[in-house]
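Student: Please take a close look at a single part of this structure and place it in its wider setting. I would like each term given with its cut-offs, since I want to be able to check the reading.

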Amino acid sequence: MGDTNSKDAPVLDKQQLVRNVQRDASLREDEKLQLIHQIMSGSLQQAGAQASRAIGEASSSRSSATSTEVTYKSYRDEPNGVLGCKHYQRSCFLVPACCGRPYVCRLCHNEHENHEIDRYATQEVICMMCQARQPVGQRCSQCGVVFGKYYCSVCKFFDDSGEKPVYHCPYCNLCRIGKGLGIDFFHCHGCNCCLSISLQDKHKCLEGALEGNCPVCTEYLFTSVSPV
C-alpha cells in the first residue's frame with residue numbers, strides 16, 4: 001500500500017471535536033470550556049490529527065498547568081449571551097487564593113479540584129469581557145462592566161440574575177437567599193442559623209441545628225445552597 005498523504009487525512013467536524021473534549025475526564029471544566037470556545041470560533045477547525053493533538057496536549061499538561069489567565073467567556077445561557085456558569089450568573093472568574101486556577105464560582109472550583117476554596121481569602125477576579133485581572137470588586141476597573149447586581153465583599157459572591165433576593169448574615173458570615181434579617185429571616189443564636197421570620201419565638205431551638213452533613217447526600221448543611 002502507498003503512503004497516505006497528510007493532506008488527505010479526514011477533517012473532524014466541530015461537533016465531533018466538542019464531543020472529544022466533553023468526554024475527556026482528565027480536563028477540568030474551565031479547560032473544556034476554553035477548548036470548546038476555540039473549536040467553535042474556528043481556531044481549532046483544522047485537520048483532525050492537528051486538532052486532536054491540541055486537545056491531547058491540553059489534557060497531558062493538566063497536572064502541571066500553572067497558568068492563571070483566561071482568554072474566553074463562560075456562559076450560563078450561551079444562546080442568549082448570559083455569562084456565568086451552571087450555578088450562577090456573573091461576568092467574572094474568581095482567582096482562588098489556594099490554587100490560583102480561575103473558576104466562575106466556588107462550586108465549580110470544588111467540583112473539579114481536590115480541595116475546597118476559602119471564599120473569604122479570594123483577592124482577585126478576572127473580567128470575562130476584557131480579561132483584566134484585578135482586585136475583587138463589583139465593577140471591572142478596566143472596562144466598567146458590572147460583575148453582578150448583587151455583590152458581597154465578605155463572601156466574594158456575585159449574582160447578576162436578580163432572580164432571587166440575597167442578603168449577607170453577619171452571624172452566619174454567609175450570603176443567604178432572602179430579603180434580609182428582620183424582613184423575612186432572623187438569626188437564631190441558639191440554632192446558630194437563619195430561619196424564616198414566621199418561626200421567631202415559635203420554634204424549638206436545637207443547638208448547632210445545621211452543623212452537620214445531610215444523611216442523604218452528605219453535603220454540609222450550614223453552607224448548602226439547597227433547601228434544608
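Tutor: Helices and strands are here taken as DSSP runs, numbered from the N terminus, with H or I runs of at least four residues for helices and E runs of at least two for strands. The model is a predicted one, in which local features need pLDDT of at least 70 and side-chain atom pairs count only at pLDDT 80 or more, while totals for chains, interfaces and linings use all residues. Residues are numbered from 1 along each chain as its sequence is written, and side-chain values use heavy atoms, with hydrogens and water left out.

The part to look at is Gln 134, which lies in strand E5 (residues 133-135). Is Gln 134 buried or exposed? With buried meaning under 20% relative accessible area, exposed over 50% and partly exposed in between (1.4 Å probe, protein chains only), Gln 134 counts as buried because its relative accessibility is 4%. Its polar contacts are judged as pairs of N or O atoms within 3.5 Å, where within protein one atom must be able to donate a hydrogen and the other to accept it, and residues adjacent in sequence count only if both atoms are side-chain atoms. A polar atom of the Gln 134 side chain lies 3.0 Å from the backbone oxygen of Ala 132, and the side chain of Gln 134 also reaches the backbone nitrogen of Ser 141 at 2.6 Å. If contact means heavy atoms within 4.5 Å, then beyond its neighbours within four places in sequence Gln 134 is in contact with several residues, including Gln 123, Val 125, Cys 127, Ser 141 and Phe 147.

Some of these partners lead into the sheet. Two strands pair if DSSP finds at least two bridges between them, and three strands form an open, antiparallel sheet in the order E3-E4-E5. Strand E3 (92-95) and E5 are the edge strands, each pairing on one side only. The twist averages 35° from one strand to the next, with axes being lines fitted to C-alpha atoms (for helices over the stretch in contact) and angles running from 0 to 180 degrees between N-to-C directions. E3 and strand E4 (residues 124-127) pair in the antiparallel sense over four bridges, and Val 125 in E4 is the bridge partner of Leu 94.

Leu 94 is also among the residues touched by Lys 156, together with Arg 119, Tyr 120, Thr 122, Gln 123 and Val 136, residues up to four places away in sequence not being counted. Lys 156, found in the loop between E6 and E7, counts as buried because its relative accessibility is 11%, and its side chain reaches the backbone oxygen of Thr 122 at 3.3 Å. The C-alpha atoms of Lys 156 and Cys 175 are separated by 9.6 Å, although the two are 19 residues apart along the chain.

In one of them, the rings of Phe 147 and Phe 158 have their centres 5.9 Å apart and their planes at 85°, so the pair is edge-to-face. This pair links distant parts of the chain, 11 residues apart, with Phe 147 in the loop between E5 and strand E6 (150-152) and Phe 158 in strand E7 (residues 157-159). Both Phe 147 and Phe 158 are buried. Separately, Tyr 88, Tyr 150 and Phe 157 form one aromatic cluster.

The mean pLDDT, the predictor's confidence in each residue from 0 to 100, is 79, and 71% of residues reach 70 or more. Over residues 1-11 pLDDT stays under 50, and the model has four contacts beyond four places in sequence for them. Residues 57-66 also have pLDDT below 50, with 11 contacts in the model beyond near neighbours in sequence. Where pLDDT is low, the predicted coordinates should not be read in detail.

Methods:
Phe/Tyr/Trp six-rings, centres within 6.5 Å; stacked < 30°, edge-to-face > 60°.
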